[in-house]
Amino acid sequence: MQSTILKTATHLMVGLMLVFAVYVLLRGHHEPGGGFCAALLAGTAFALFAITEGPDRVRRAIRVRPGTIAATGLALAALAGLPALVMNKPFLTGIWWHPGPFFVGTPLIFDLGVFLAVLGAILSLLLALEEN
Amino acid sequence: MKTSLPSIEKVPDCCRGGVVSSILPLVLFGLLCLAWPRVVQGKVFLIQWSWVPSLDLTLAFRLDGLGLLFGLIITMTGFFISLYASSYMAGHQHLGRFFFYLHGFMIAMLGIVFSDNLLLLFVFWEATTILSFLLIGFDHHHKTARENARQALLVTGGGGLFLLLGILLLKIAGESMTISLWAASGDMIRDHALYPAVFICILIGAMTKSAQVPFHFWLPNAMTAPTPISAFLHAATMVKAGIYLLMRFHPLLGGTSLWMGTLVIIGGTTALWGAVQALGPCDLKRILAYTTLMALGILTLFLGGRTVLSLTAAATFLMVHALYKAALFLAVGSIDHQTGTRNLDHLGGLLQSMPLTALAVAAATMSMAGFPLFFGFIGKEIMYEGALAEDMFPVFATIATLVANSLMTAVAAIILITPFLGFGRRKMNPVKEAPWTMRLGPAVMGLLGILFGIVPEWVSEHLIQPAVFSFHPDREDIRLVFFHGMNLPLVLSILTLTLGSVIYRYRTFLRHRMNTAIDRLWITTPGLYQSGLDLFLKSAGAFTNKIQNGSLHFYLFIVVFTLVVAVAWPWLPHIPGILIFPTISGPLIAMGLFAFILASTGVVVFAKTRLCAIGGLGGVGAGVALTFMVFGAPDIALTQLLVETLTLIFMSLVLLRLPPMDAAQKRPRSRTIRDACLSLGAGLLLTTLMMGMLQVPLDRTLTAFFEANSYIAAHGRNIVNVILVDFRSLDTLGEICVVVLAAWAGVTLIRRTKEG
């Protein structure tokens, strides 16, 4: 789409939106947000980018195929359930680690998997539509 | 494919991967041999893990005499066949796939014969059905291979459903799912009202798998598979699964006159029909296929008995047949591989060029014909004893066995004499002997046919008796012996050989008469199958064309209409009770949002351009998101807003490329009214449903649980997210799988439209 305003705004916005997506992903456990919301945000950012600069730029920017991103996400989410199995608990039970003032646990990995899976799905559809 | 490839310099003699993979069946065979002495002593090995306890489904395995007999046959032929295939299939482009299917099939077969749980048995049963479909259709670029594979799948798969039904009925009748527990139940099931239903269902399962008349036709057609597959599926394993099933169920369901009468009639008919048809074709493999039908019929016939004698006959013949049939199939495959044809009319004089294969075929056919000194002779003697001892229709059983055996003798002569000793109608090109990998199997199995014929006592003590005792309670000692003395079975044996040579003498005349007679049959099950399939496909096509007419508008109409009718039907009587007009309350801003949403909806409905309509939809979405915000659900509001934004972008990507909306204005007025009524109806229905929901007090048990445990158990304050990634993460995992799958399906559709 040929519009100088949109183009300039997009260049400013896309980076900000992606950073914000990471922020939303990480804060999700305590505040509104999470992997799904973050994926939608990042997807919107890429959609904006694709509309102004064309799908080829998006492909170059993400480096890997969107299908790979989605598959990685699914694999991560599934893998996040394995530690529980090792510890003889039901699959996908959250396992937590308390290294200092905060908690780190498998649900974070799971959420990252959700993020990547949904983002990969959005990107696949987006690029297919844009390249059509 | 195998012969007409002059351009390729050298097709490798054998592929190493195949030879290596044949270690698997060999190792399994060795393991069974380790357990063998204990099983002969009467030990039953049981292993059990829990799988789905609520369904009574356990991973329970059982190794007894019957399982051992089958297991030894399966692994031994499995070994020879994968060794054989490493040469036969050498140079094929899908070797990995081939050996994967082949060994997968073998494992599934072993699963059937070692399962102690009926549902587990069914799982393996279905696995063999699917894998046999893949194996029969292995050369899937041929239309006939695909059709025959589908035929086998439909027939045996359909039978599998009956088997499942039978198992479930058995469970309803109060019988245990565990085979090892059957001994305790006694006559309970045989006197149960459901017994006939159970029997018929299980019988249909066995009949389809083991190709009994009238479900026999898929077996000869399945010969389109590469020869090693035919040998494995149809000589030693797949078709024997039905026989195994009948043997397994014999102590539970057998012994009634229903069981005995049905099995004898069906088995006898199948044996006769298969044996008669074996005279017809010129294709060696097809001949063997019909003789397999005969063998399966005979086995079924003997399982119809309840004496140890007839069951011993079945178990013995099972071994006899597995040995000679696998050897013959492999040898025929060698002939095909080396000469490029397996048509009787084009073969002859192979004795000089393929002497070792000829020897193996000679041993196998002699056993098949039942010459003294061969294992087949022992088998035939006990067959006649068994047939004479049948409880139901002994005369029919004896005559069927006699005629089928005579025909078998003639067919054995045809298979041996014509290709190897005959002169052939056409001078054959110089032929080389098959490589050792392809000779080993037929040679060893042919040799075993002689060895077992010389030491029948050993075979009966170590293989036959343990097998029979594991499905028959009476421990009556039936020994196979070499010579019984002058008695009726011996007379019948001699009669068989005489009749067989007479049939061989007049084979051309008989073949001609038989083929014309079969052509004249006006109703046949293959014909019924074909017309049934055609009718099904035609009506499915017509139905699909009607329903899937390509109009998205029509699809949506159908979906919404069905939904409205289906929900409104049970819901309508309740509506008067909930129609209390709600008092208007709530913050002023909510009222404003309500008005905004209403206005945006109006924009969507009355928009003249697509951009306008999309903008209106965005307004509705944003309004809903803000409503969530106002009522204190920021998380849902955020998600809703993001989803709306992205949806809007996608919609504009798609909708803005469609032709302008003017075209839509030309729709007939009646259709617009119809659509409007439907949308209003759907809206009203949803509204009343919501109002109904508000009348029910809110159940806060789950909410309270999550509120209490979210931070303590999952270290998160955002309950929604904690539910998503922790408490109910398995659901989420399923959902993201669906999301990704849907996206990929969508991508495929988009790409296809681009190409088309």
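Two residues are in contact if their C-beta atoms, placed from the backbone, lie within 7 Å. I start there since the term comes up again.

What we have is a predicted model, in which local features need pLDDT of at least 70 and side-chain atom pairs count only at pLDDT 80 or more, while totals for chains, interfaces and linings use all residues. Residues are numbered from 1 along each chain as its sequence is written, and chains are lettered from A and ligands numbered from 1 in the order in which they are written.

First, chain B as a whole. Its C-alpha atoms fill a box of roughly 110 × 65 × 55 Å along the principal axes. The secondary structure amounts to 32 helices and two strands; helices (H or I, at least four residues) and strands (E, at least two) are DSSP runs, numbered from the N terminus. Of the 756 residues in chain B, 42% count as buried. Buried means that 20 or more other C-beta atoms lie within 10 Å of the residue's own, exposed means 12 or fewer, and partly exposed is in between, with C-beta atoms placed from the backbone. Among contacts in chain B between residues at least 6 apart in sequence, 78% join residues at least 24 apart.

Chain B is divided into domain 1 (509-541), domain 2 (543-697) and domain 3 (698-756). These bounds come from an automatic or database domain assignment. Between the C-alpha centres of domain 2 and domain 3 of chain B there are 24 Å.

Next, the two strands. S1(B), residues 45-52, pairs with S2(B), residues 57-63, in the antiparallel sense over seven bridges; pairing requires that DSSP finds at least two bridges between the strands. Is S1(B) enclosed or largely in the open? Of its eight residues, the number buried is zero, so S1(B) lies largely in the open.

Helix H9(B), residues 227-236, is another case: 10 of its 10 residues are buried, so the helix is largely enclosed by the rest of the structure. Among them are B:Phe232, B:Leu233 and B:His234.

Helix H18(B), residues 436-454, has 19 residues and reaches 26 Å from its first C-alpha to its last, close to the 27 Å expected at 1.5 Å a residue. That expected span is 1.5 Å times one less than the number of residues. Its buried residues include B:Met438, B:Arg439, B:Leu448 and B:Phe452. What covers the buried residues of H18(B)? The cover includes H1 (16-21), H3 (65-88), H13 (308-339), H15 (355-369), H16 and H19 (456-469) of chain B.

Last, some backbone details. Most residues other than glycine have a negative phi, and most peptide bonds are trans. A:Asn88, not a glycine, has a positive phi of about 65 degrees. A:Asn88 is in the loop between H5 (82-86) and S1 (96-97) of chain A, and is exposed, with 7 other C-beta atoms within 10 Å. B:Phe393 has a positive phi too, near 50 degrees; B:Phe393 is partly exposed, with 18 other C-beta atoms within 10 Å. A cis peptide bond joins B:Val213 and B:Pro214, with omega about 10 degrees. B:Pro214 sits in the loop between H7 (195-209) and H8 (218-221) of chain B.
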